[in-house]
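Visitor: I would like to learn how to read helices and their packing. Please take me through the case at hand.

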Amino acid sequence: MADLMKDLDFFNLDELLSDEEKMTRDTVKQFVEREVMPDIERHFADATFPMRLVPLMAEMGLLGANMKGYGCAGMNNVAYGLIMQELEAADSGLRSFASVQSALSMHAIYAFGSEQQKQRYLPEMARGRLLGCFGLTEPDHGSDAGAMETRAKRDGRGWVLNGVKRWITNGSIADVAIIWAKVDEGITGFLVEKGTPGFTAFDMKGKFSMRASITSELVLEDVRLDDGARLPEARGLRAPLACLTQARFGIAWGAVGAARTCYRCALDYAKSRRQFSRPLAGYQLVQNKLVKMFTEITKAQLVCLQLGRLKDAGKARPEHVSFAKRNNVGEALEIARMARDILGANGIVNEYPIIRHMLNLETVNTYEGTFDIHTLILGRDITGESAFE
Ligand SMILES: Cc1cc2nc3c(=O)[nH]c(=O)nc-3n(C[C@H](O)[C@H](O)[C@H](O)COP(=O)(O)OP(=O)(O)OC[C@H]3O[C@@H](n4cnc5c(N)ncnc54)[C@H](O)[C@@H]3O)c2cc1C
């Protein structure tokens with residue numbers, strides 16, 4: 001079998017990476033080969049998340065990797081993206097874990113928390129000793145998160161929260177949940193710790209996608225919190241959206257990793273499997289698929305790298321991130337489907353990683369803004385007309 005983790009670098013993009021960026025990528029790649037690949041199919045089959053990886057990832061500085069201070073590694077955004085790419089080359093669920101811990105939960109505290117909250121949570125989250133989750137979506141509000149029904153009411157000097165959050169990654173394993181709720185002034189965020197009376201998390205069953213990732217429903221029934229649990233700088237929907245922009249950045253990179261694994265596997269298979277008179281790779285229709293796959297991966301790599309450089313220069317707009325998330329995930333899903341087709345019947349079994357990636361990418365295409373929602377974001381950007389409502 002081909003080396004599925006091997007890079008695909010048609011345009012010598014390696015030359016555009018610093019030694020530190022390459023070292024970070026290669027270290028994560030080796031970690032993934034050594035620690036993740038041997039039993040990721042089993043975790044997917046059993047619908048379990050490989051918890052033993054958490055301290056290992058923390059030790060490597062992968063949690064909150066692009067944040068400065070508070071025990072975080074302070075890497076640049078390109079290095080952070082490369083980490084996400086290598087994690088998702090193994091499984092989207094593993095990258096989701098890292099994204100939710102870093103870009104959603106830690107970032108929410110980093111960007112909108114008080115100094116006291118930052119000191120209390122961030123170093124422990126970077127060490128993997130405290131896990132976070134990000135509760136925005138509700139049973140009746142996904143794409144229109146601003147219409148959320150979860151409410152926080154003033155009660156003396158504290159708050160009382162009621163509501164339900166659904167589809168929450170890491171929900172039942174999280175020590176602290178970032179809960180987005182409406183108050184009189186609009187939307188704000190709260191830190192709800194595990195074990196708080198009235199707060200419960202249930203794992204969602206029956207998923208055919210993201211099986212090596214925990215997805216939960218969070219129920220808040222008269223949850224009483226001190227004012228110190230509110231994120232003081234989180235004012236309005238722009239706060240959770242800013243966290244989503246961070247996470248979508250990592251997803252755009254991650255999808256390239258998943259696509260690469262599918263492409264490598266399909267290329268290897270097409271070269272070794274003979275039908276009729278020659279290897280599958282010798283037929284024009286198969287070559288057409290392989291060329292399409294490899295072209296889209298190469299284009300996505302270029303988008304990621306420039307997006308990362310713009311982000312490091314403080315010039316990346318949310319619309320740049322929408323472009324990359326929409327394009328790279330949409331193409332990765334198409335690539336996974338084409339790769340599955342090239343493997344024929346073998347494409348549906350877990351002896352090969354493709355069907356797992358394909359199923360995972362269905363989620364990745366939906367969460368953090370669906371493909372079509374990002375189309376609307378970009379449509380608004382280029383026309384000046386909003387087509388949301
Ligand atoms: C495995 C998994 C993990 C997740 N993890 C998290 C998490 O950690 N935290 C969290 O808060 N959420 C999480 N989500 C939820 C995810 O973000 C939502 O599923 C997503 O925002 C879409 O919402 P929805 O599923 O309610 O779909 P809907 O919003 O109901 O959309 C359904 C369809 O309608 C389309 N649509 C919606 N509005 C429009 C419109 N105006 N114009 C045209 N088409 C439209 C969409 O593009 C989509 O195709 C997760 C989801 C999954 C599957």
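Guide: Start where a helix stops. Just after H8, Gly314 has a positive phi of about 75°. This is a predicted model, so read each value as computed. H8 covers residues 284-312.

Visitor: How many residues does H8 have, and what does it reach from its first C-alpha to its last?

Guide: Compare the reach with the expected span. H8 has 29 residues and reaches 42 Å, close to the 42 Å expected at 1.5 Å a residue. Now try H10. H10 has 13 residues and reaches 19 Å, close to an expected 18 Å.

Visitor: Which residue takes a positive phi just after H10?

Guide: Glu368 does, at about 60°. Glu368 also turns up elsewhere: Leu104 touches it.

Visitor: Which residues of H10 are buried?

Guide: Begin with the general idea. An α-helix has 3.6 residues a turn, so residues three or four places apart point the same way. In H10 the buried residues are Ile354, Ile355, Arg356, His357, Met358, Asn360, Leu361, Val364 and Asn365. They pack against H2, H4, H5, H7, H9 and H11.

Visitor: Take one of them, Leu361. Why does Leu361 count as buried?

Guide: Leu361 counts as buried because its relative accessibility is 0%. This residue of H10 touches Glu88, Ser92, Ala258, Val329, Ala332, Leu333 and Ala336, leaving aside residues up to four places away in sequence. Leu361 and Ala259 are 102 residues apart along the chain, yet their C-alpha atoms are separated by 9.3 Å.

Visitor: At what angle do the axes of H4 and H10 cross?

Guide: The axes of H4 (residues 77-90) and H10 (residues 354-366) come within 10 Å and cross at roughly 130°. That angle makes H4 oblique to H10. Next, list the residues. Glu88, Ala89 and Ala90 of H4 meet Arg356, His357, Leu361 and Val364 of H10. By class, the contact has four nonpolar, one polar and two charged residues.

Visitor: Is the crossing of H9 and H11 left-handed or right-handed?

Guide: Handedness is a separate reading from the angle. The crossing of H9 and H11 is left-handed. H9 and H11 pack at about 140°, their axes 9 Å apart. They are therefore oblique to each other. H9 brings Glu319, Ser322, Phe323, Lys325, Arg326 and Gly330 to the contact, and H11 brings Phe371, His374, Thr375, Ile377, Leu378 and Asp381. The residues divide into four nonpolar, four polar and four charged.

Visitor: What about H5 and H7: how do their axes cross?

Guide: The axes of H5 and H7 come within 9 Å and cross at roughly 150°. The crossing is right-handed. H5 contributes Arg95, Ala103, Leu104, His107, Ala108 and Phe112. Contributions from H7 include Arg238, Cys243, Leu244, Ala247 and Gly254. The contact of H5 with H7 has 10 nonpolar, four polar and two charged residues.

Visitor: Finish with Leu104. Is Leu104 buried or exposed?

Guide: Leu104 is buried, with a relative accessible area of 5%. Leu104 lies in H5. Leaving out residues up to four places away in sequence, Leu104 touches Ser99, Phe134, Cys243, Leu244, Ala247 and Glu368. Now compare sequence with space. Leu104 and Ala247 are 143 residues apart in sequence and 6.2 Å apart, C-alpha to C-alpha.

Key:
Residues are numbered from 1 along each chain as its sequence is written. This is a predicted model: local features need pLDDT of at least 70, side-chain atom pairs count only at pLDDT 80 or more; totals for chains, interfaces and linings use all residues. Side-chain values use heavy atoms; hydrogens and water are left out. Axes are lines fitted to C-alpha atoms, for helices over the stretch in contact, and angles run from 0 to 180 degrees between N-to-C directions. Helices (H or I, at least four residues) and strands (E, at least two) are DSSP runs, numbered from the N terminus. Angles under 35 degrees count as roughly parallel, over 145 as roughly antiparallel, 65 to 115 as roughly perpendicular and the rest as oblique. Contact means heavy atoms within 4.5 Å. Ala, Val, Leu, Ile, Met, Phe, Trp, Tyr, Cys and Pro count as nonpolar, Asp, Glu, Lys and Arg as charged, and the others, Gly among them, as polar. The expected span of a helix is 1.5 Å times one less than its number of residues. Buried means under 20% relative accessible area, exposed over 50%, partly exposed in between (1.4 Å probe, protein chains only). A crossing is left-handed if the near helix is turned anticlockwise from the far one by less than a right angle, and right-handed if clockwise.
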